[in-house]
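The following paragraphs are intended to be read alongside the sequence and the coordinates.

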Protein chains: 2
Amino acid sequence: MSTKNKILDAAESLFADKGFNGTSLREITSQAEVNLAAVNYHFGSKKELIKAVMSRYMNELSPRLEIALTQVCEQDSPSLIEVFSAFIDPLLSLNDFKNNGTSNFLQLLGRGYTDSQGFLRWFLTTQYPGVIDNFVLAVQKAYPQLSAEEMFWRLHFTMGTVVFTMSSSDALIDIAKSDFERDLQISDVIRNVIPYVAAGVGAPMPVAIRS
Amino acid sequence: MSTKNKILDAAESLFADKGFNGTSLREITSQAEVNLAAVNYHFGSKKELIKAVMSRYMNELSPRLEIALTQVCEQDSPSLIEVFSAFIDPLLSLNDFKNNGTSNFLQLLGRGYTDSQGFLRWFLTTQYPGVIDNFVLAVQKAYPQLSAEEMFWRLHFTMGTVVFTMSSSDALIDIAKSDFERDLQISDVIRNVIPYVAAGVGAPMPVAIRS
DNA sequence: AAGCAGTTTAAACAAGCGTTTAAAATAACG
DNA sequence: CGTTATTTTAAACGCTTGTTTAAACTGCTT
């Protein structure tokens, strides 16, 4: 395996575990068993390494996601459950691409949204706008009464639910095992969260708040 | 104002803005206009300072929250909307206690859950278990069909929604202003999120998943 | 006024950080 | 084989971090 990939793999699992700020280049290069300077040689800087780790997943995920969401949009009257369920297969396919891929990617997403002053939010919205657009279209088709403003809020709430849940999914799976004697996988967590967010987004429109 | 309180105030707003790991003692003491060594003299360590900042709010909030949740439980058949609405007044009362109190506290809560490897989760569940117990009881009364396991998941999803939303509430309020020309407050965000989480927690029980 | 506890201060400490350098090792190619 | 290019390496750089030290200062009591 190439030095570059050894670094990417080590960085990925460490970033997922301890966040971007919480992981040092020395930890990464030592787990990857490469020299410290290799990161700056191959990637330029730590920030570029973070981007590279995220891009590796996004390039795999975003086309599958766009296809799945487009297919939902082509239905006559898709339900919100169907919209959100469109994420399942693309996300789980990351496990074929790499061990613990789904779990790592979702944790990274969570880290990126809270670490680093919203840098990842900028990165995703500017580099992969297609996914977001397709998603908004699908939700609009499934729940046309939802106003643009209400949609804005609920999609952010959903982002929060998913991102937070996934960034702490390891802990949740542990608790579920000790409290309920259930051996769950990340795929179970995904399937669990879908009815929740679908119901949240599908909540009835409130009567007007203020002027 | 005492040195101790100057430090607490500066730390609070900086922690809320940039996270616990992202804020240095030098930033705190310089904004508080006190000597660098004052933190270690008055609080012992940075970790103890974090606890002190959180405790100041929790000691104010948790009794009000317990009262409000108990009142909801005393109703005949409370709705989930009523359960979650019980949080509004106690949370907003933090604004009387301190400028931007509500917003700061909720952002701190978000930071604490993602920074620092779940240290805050431990801190809250061990130091303030009463709030969680009361909350679970209220949800149980409002939605008795919810199994313990499903309850566990949905409360964590809710935690995620709230914590994530609030930790990025400043950005959301900014976007809402530029995109929809609305001048929102943290109280509006709270009111917006309640129908969402109430619907999420109140989602119909799915048919059994696996063994 | 002298002594003393409590507090503040400037300075230094050791450790960790991301990054850079220049030499050594390896690979690729005419 | 010899000569470039590419990659790896050890060492150091400058900087920031949380914490500690010991001296200076404060306000109070006897």
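A residue is near a molecule or strand if one of its heavy atoms lies within 4 Å of it. The model is predicted: local features need pLDDT of at least 70, side-chain atom pairs count only at pLDDT 80 or more, and totals for chains, interfaces and linings use all residues. Residues are numbered from 1 along each chain as its sequence is written, chains are lettered from A and ligands numbered from 1 in the order in which they are written, and side-chain values use heavy atoms, with hydrogens and water left out.

DNA strand C is surrounded by 15 residues, of which the closest are Leu25(A), Arg26(A), Lys46(A), Thr3(B) and His42(B). Of the atoms of DNA strand C that come within 4 Å of the protein, sugar and phosphate make up 45%. By class, the surface near DNA strand C consists of five nonpolar, seven polar and three charged residues. Here Ala, Val, Leu, Ile, Met, Phe, Trp, Tyr, Cys and Pro count as nonpolar, Asp, Glu, Lys and Arg as charged, and the others, Gly among them, as polar.

Several polar pairs (N or O atoms within 3.5 Å) involve the phosphates of DNA strand C. A polar backbone atom of Leu25(A) is 2.8 Å from a phosphate oxygen of DNA strand C. From chain B, an N or O atom in the side chain of His42(B) is 2.7 Å from a phosphate oxygen, and a polar side-chain atom of Tyr41(B) lies 3.3 Å from one.

DNA strand D also has 15 residues around it, and the closest are Thr3(A), His42(A), Leu25(B), Arg26(B) and Lys46(B). Its surface draws at least two residues each from helix H3 (38–43) of chain A and helix H2 (25–32) of chain B. Phosphate oxygens of DNA strand D lie 3.1 Å from a polar side-chain atom of Tyr41(A), 3.3 Å from a side-chain N or O atom of Ser24(B) and 3.2 Å from a polar side-chain atom of Asn40(B).

How are the protein chains related?

The largest cavity is lined by Gly110(A), Thr114(A), Val163(A), Phe164(A), Ser167(A), Gly110(B), Thr114(B), Val163(B), Phe164(B) and Ser167(B). On a 1 Å grid over the protein atoms alone, a cavity is a set of points where a 1.4 Å probe fits but cannot get out, and lining residues have an atom within 4 Å of a point. Helices H7 (101–114) and H10 (148–167) of chain A and the helices H7 (101–114) and H10 (148–167) of chain B each give two or more residues to this lining. The lining comprises four nonpolar, six polar and no charged residues.

How values were computed:
Polar contact = N/O pair within 3.5 Å; in protein donor to acceptor, adjacent residues only side chain to side chain. Helix = DSSP H or I, 4+ residues; strand = E, 2+ residues; numbered from the N terminus. 1 Å grid on protein atoms, 1.4 Å probe; cavity = no way out; pocket = protein on both sides within 12 Å on 5 of 7 lines; lining within 4 Å.
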